[in-house]
Amino acid sequence: MKEMSRIVKTVTNFVYGFIIIFGFYIIVHGHLTPGGGFQGGAVVGSAFALLLVSYGSLNSKKFLKKDIFSLFENSGLTLFIVLGFLGLGITFFYNFLANSGGWFGDAAVIGINPGDMNTGGVIPLMNIAVGLEVLSAFGVILLTMASGAEFTKKKENS
Amino acid sequence: MKKIIFGIAFIIFFSFLIVSAVNMRTFGEPTFSEMDDYFIENAQGETGANNVVTSIVFDYRGFDTLGEATVLFTAVVGIVALFRGVKK
Amino acid sequence: MNLSNHIPILIIAIPLLAAFLVPLIGRINKKATGVLTTLALSVSLILTILLTVKILTVGPQVYVFGATSPSLTLPSGLKFPIRIMFEVDAMSIFMGLITAVVSFLGAIYSLSFIKKYNGMDKYYSLLLLLTVGMFGMEFTGDIFNFFVFLEISSIASVALISFRGVDYGEPAEAGFKYMVVSSISALMVLFAVGIFYGQYDILNLAAIAKAIKYSQLDKIALGLLIPVLAMKAGAVPMHMWTPDAYSEAPAPITMILVAASQASLYALFRIVFSLYNVTMNTLTVGWIIIIFGLLSMFIGVTMAIVQKDIKRLMAYHAVSQTGYMLLGVGVGLAVLANPIALQKYGITAMEGGVFHIMNHAMYKGLLFLTAGALFFRTGTRDLNKMGGLAHSMKYTTIFFIIGAAAIAGLPPFNGFASKLLIYESVYRFNPLLSIIAMVVSILTLASFVKVFHSAFLGPKLPQFKEVKEVPRSMVFAMAVLSCIIIFFGLFPDLIVKNIVHPAVMSLIEQLQYTGTALGGM
Amino acid sequence: MIGNLPYVAVAMFIGLGIYTLMFKKNLIKIAIGVVLIENGVNLFLITLGYRKGAIAPIYTQAPSGQAMVLPTPQALTLTSIVIGIATTALILSIAMMIYKHYGTLDTDQVRRLRG
């Protein structure tokens with residue numbers, strides 16, 4: 001994909017930071033506000049798509065590295081399954097941090113409350129793990145298919 | 001010939017869908033909802049999360065989400081394996 | 001913290017963890033990925049054997065995720081389970097055993113088979129994920145969880161089928177066809193999950209089996225599930241994907257794909273026996289499955305005789321052998337309603353069908369591995385180009401003879417044991433069916449004699465002069481399969497009495513299935 | 001009949017998807033057919049979870065005194081949407097590979113070229 005005009009690139013430079021911050025907000029506040037790992041990861045993935053489209057697939061390889069994304073993806077998923085394993089003392093996906101007072105352990109006020117970040121037990125950690133995995137999965141898919149499209153088009157005009 | 005067989009199969013299939021659409025309970029009035037009422041009342045107490053849907057996705061049915069993250073991971077590995085010949 | 005009651009989840013979690021670690025380790029050194037895969041699959045094989053012993057002695061196991069104790073299915077005075085549950089009874093561990101053995105041998109076989117291709121760590125990661133998908137499909141007691149694992153095994157098998165699609169065109173086309181077929185079947189399963197959820201607001205198989213009232217909508221859900229799961233299992237009207245998918249995938253993957261389509265066959269039996277059982281009129285549904293079986297048997301073998309590509313021929317035979325299983329279990333289902341006939345021949349028919357699943361996985365796997373060995377050395381799958389390979393590939397020839405004899409149902413091998421069970425019981429149900437089954441078995445023997453003649457016998461061709469035997473890891477995998485085939489062939493009643501019979505009884509008795517889940521035991 | 005109008009919409013969605021899948025020749029159109037069926041089934045799952053006049057099941061600053069919608073279908077639909085992304089991405093990249101090898105996206109020509 002060829003790169004877009006100057007205007008689009010300047011607007012992208014300005015906007016993509018906010019999209020990524022907003023995506024991380026959705027990931028981290030998954031257990032309080034609507035959203036969670038997948039939706040937040042998709043928002044951050046859309047920021048990568050914006051960068052890829054505006055800068056074209058050739059020179060967006062400079063700042064969107066594929067093997068860093070696949071490293072994040074593997075580590076995010078390994079963190080997620082290790083969180084499952086940690087509950088193995090009782091059962092596989094046991095929420096051992098909920099209402100335990102420690103990290104993320106406060107008991108939520110039953111009924112309508114303004115929302116306290118420190119509740120939810122394992123859920124925020126899983127949200128972050130899945131969000132990391134989804135955003136890097138989108139990164140890898142976008143870059144691979146973009147370079148794949150270049151490769152298949154080359155056959156057409158060669 | 002193939003078109004006729006496909007056409008018959010399509011008609012049968014579509015009649016299945018229409019009959020199930022007509023017979024399903026009316027939209028907006030669930031006949032049974034004990035499981036969901038249990039979630040709405042106890043999710044905050046047991047998991048501590050305000051968002052009941054996230055507590056279902058990650059705590060009550062966390063294994064589905066692990067399976068589904070694996071689905072996404074499989075698709076990514078499959079796509080990367082498919083385009084592994086592409087020169088960077 | 002004794003791990004003994006956590007075995008069902010460890011069988012799945014360890015290969016899954018290995019699947020995520022393989023790409024990370026692949027960055028350090030490529031060789032370790034194969035070793036890690038084989039290690040993970042050997043651990044889950046051992047755990048499966050331990051679980052089999054435990055289930056056959058103690059009884060079906062239940063594992064609830066996230067509850068305060070593994071067997072707490074009904075928390076504090078509820079009438080229905082709310083968490084996801086693994087319900088492993090004799091039938092699902094029987095299928096789990098097949099998956100464990102087949103995937104372990106597939107990993108060992110591909111240690112040396114895959115050296116030629118680059119991207120080894122992706123291959124091993126996908127192989128582990130395919131195994132996890134199959135284990136999940138067989139152990140789960142929750143229909144939505146079954147849909148998720150069905151999807152994992154479909155995407156992993158599509159990615160593996162089109163693994164060689166980088167430099168050839170056919171694997172990509174076969175992968176596309178299989179992907180479309182498995183997407184439709186997974187989505188129709190999801191539609192059936194929606195129908196069950198909309199009516200009964202429960203997602204647990206045992207709870208739905210208890211609450212089901214066989215309303216108009218449940219008939220539609222059954223009408224959707226049977227053709228869709230039969231399509232995934234490769235039954236005839238929808239078998240177009242089988243020859244392409246099986247012949248284009250690398251040989252060890254084809255062996256695992258055979259077991260994967262048998263996992264959806266198991267799901268078909270689980271839905272028909274444990275979910276609906278006697279609430280539906282079993283005669284018509286039994287006859288529908290018998291007709292699927294007959295069509296698969298006949299069309300599968302007639303198409304197979306004309307093939308000239310060795311793997312395509314074996315793929316059509318896989319379709320026809322699936323027909324035997326459908327016939328056996330279909331007869332058992334047809335007589336489920338009247339107990340006299342069930343006792344007389346219904347149970348033996350089902351034992352024949354279920355035992356045939358295990359035997360088929362073994363000898364079809366062996367045949368595909370021998371075809372892979374031929375392809376590994378000669379680089380071609382076309383029977384006309386091959387010839388006189390018996391001179392240089394001694395072991396592969398012996399293994400091929402064992403596999404061909406087993407699939408044709410010759411006495412000392414396991415194919416004969418299960419086919420005999422099917423013949424005698426189906427004969428009492430309806431003589432015509434078992435005559436067709438025998439004719440198909442003879443045609444199978446004919447086509448394999450043709451393959452043996454054109455591939456192995458004949459003078460030593462000049463272009464295969466330097467062909468030598470396949471490496472040790474491939475010979476080892478084929479040797480283990482042949483030992484299993486011979487062992488099952490010589491002592492069939494040992495296997496039928498204490499593995500196949502409990503599996504069949506756990507399918508027939510719906511109360512045992514719902515009791516373990518909802519009895520809160 | 002008005003009560004289950006959404007289900008009729010679902011039936012139309014899935015019927016359209018099956019039609020495109022069966023009768024269209026272009027690979028990309030078949031991929032679109034699969035996506036149509038996916039959206040139809042997701043819509044079906046979501047419409048099962050609605051309760052008349054109820055709000056989303058989130059307790060943070062929720063208006064008090066209102067019933068809450070059924071949460072489980074939303075969890076199921078979330079999972080099936082992500083599965084839909086995975087299948088669509090894989091189908092499209094396989095279609096790209098077929099285009100690379102055969103130079104055409106028409107299923108008849110692909111079958112003839114394959115020989």
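# Pairing, burial and contacts in a predicted model

Reader: In strand 2 of chain C of this predicted model, which residue is the bridge partner of V62(C)?

Author: Strand 1 (residues 61–64) of chain C and strand 2 of chain C run antiparallel and are joined by four bridges. One of the pairings places V64(C) opposite M85(C) in strand 2. For V62(C), the bridge partner in strand 2 of chain C is E87(C).

Reader: Which residues of strand 2 of chain C lie on the side other than that of M85(C) and E87(C)?

Author: In strand 1 of chain C, both faces are covered, with Q61(C) and Y63(C) buried on one side and V62(C) and V64(C) buried on the other. Strand 2 (residues 85–88) of chain C is likewise covered on both faces, and its four residues named here are all buried. With M85(C) and E87(C) on one side, the residues on the other are F86(C) and V88(C).

Reader: Is T282(C) buried or exposed?

Author: T282(C) is placed in helix 11 (residues 282–305) of chain C. A residue counts as buried when 20 or more other C-beta atoms lie within 10 Å of its own. Because T282(C) has 21 C-beta neighbours inside 10 Å, the residue counts as buried.

Reader: Which residues have the most contacts inside the largest nonpolar core?

Author: The largest nonpolar core has 325 residues, and helix 6 (residues 170–200) of chain C gives the most to this core, with 20 residues. L327(C), not counting residues up to four places away in sequence, touches I290(C), G293(C), L294(C), M297(C), G353(C), I422(C), V426(C), L433(C) and A437(C). The residues with the most contacts inside the core are L327(C) and L90(D).

Reader: Which helix of chain C gives the most to the side of chain C that touches chain B?

Author: The contact between these chains takes 41 residues from chain C and 32 residues from chain B. Helix 4 (120–139), helix 5 (143–161), helix 6 and helix 8 (216–233) of chain C each supply at least two residues of that side of chain C. The side of chain C that touches chain B has 25 nonpolar, 11 polar and five charged residues. With 10 residues, the helix that gives the most is helix 5 of chain C.

Reader: How many charged residues are on the side of chain A that touches chain C?

Author: The contact between chain A and chain C takes 14 residues from chain A and 17 residues from chain C. By class, the side of chain A divides into eight nonpolar and six polar residues, while its number of charged residues is none: there are no charged residues.

Reader: What is the radius of gyration of chain B?

Author: Chain B has four helices and zero strands, and from the N terminus on its elements run α-α-α-α. The globule rule gives 12 Å for 88 residues, and the chain is well over that value, so chain B is more spread out than a compact globule. Its C-alpha atoms fill a box of roughly 60 × 50 × 15 Å along the principal axes, and its radius of gyration is 22 Å.

Reader: How many of the nine residues of helix 3 of chain B are buried?

Author: Across chain B, 55% of the 88 residues count as buried. In helix 3 (residues 52–60), the buried residues include V52(B), I56(B), F58(B), D59(B) and Y60(B). The helix is largely enclosed by the rest of the structure, because the number of its nine residues that are buried is nine.

Reader: In which helix of chain B is confidence highest?

Author: Chain B averages a pLDDT of 87, and 97% of the residues score at least 70. In chain B, confidence is lowest in helix 2 (residues 34–47), at a mean of 86. At 92, confidence is highest in helix 4 (residues 62–82) of chain B.

Note on methods
Residues numbered from 1 in each chain as written. Chains lettered and ligands numbered in written order. Predicted model: local features only at pLDDT ≥ 70, side-chain atom pairs only at ≥ 80, totals over all residues. Contact = placed C-beta atoms within 7 Å. Nonpolar A, V, L, I, M, F, W, Y, C, P; charged D, E, K, R; others polar. Buried ≥ 20, exposed ≤ 12 C-beta atoms within 10 Å, placed from the backbone. Core = buried A, V, L, I, M, F, W, Y, C linked by C-beta atoms within 7 Å. Rg over C-alpha atoms; globule rule 2.2 N^0.38 Å. Pairing = 2+ DSSP bridges. pLDDT = per-residue confidence, 0-100.
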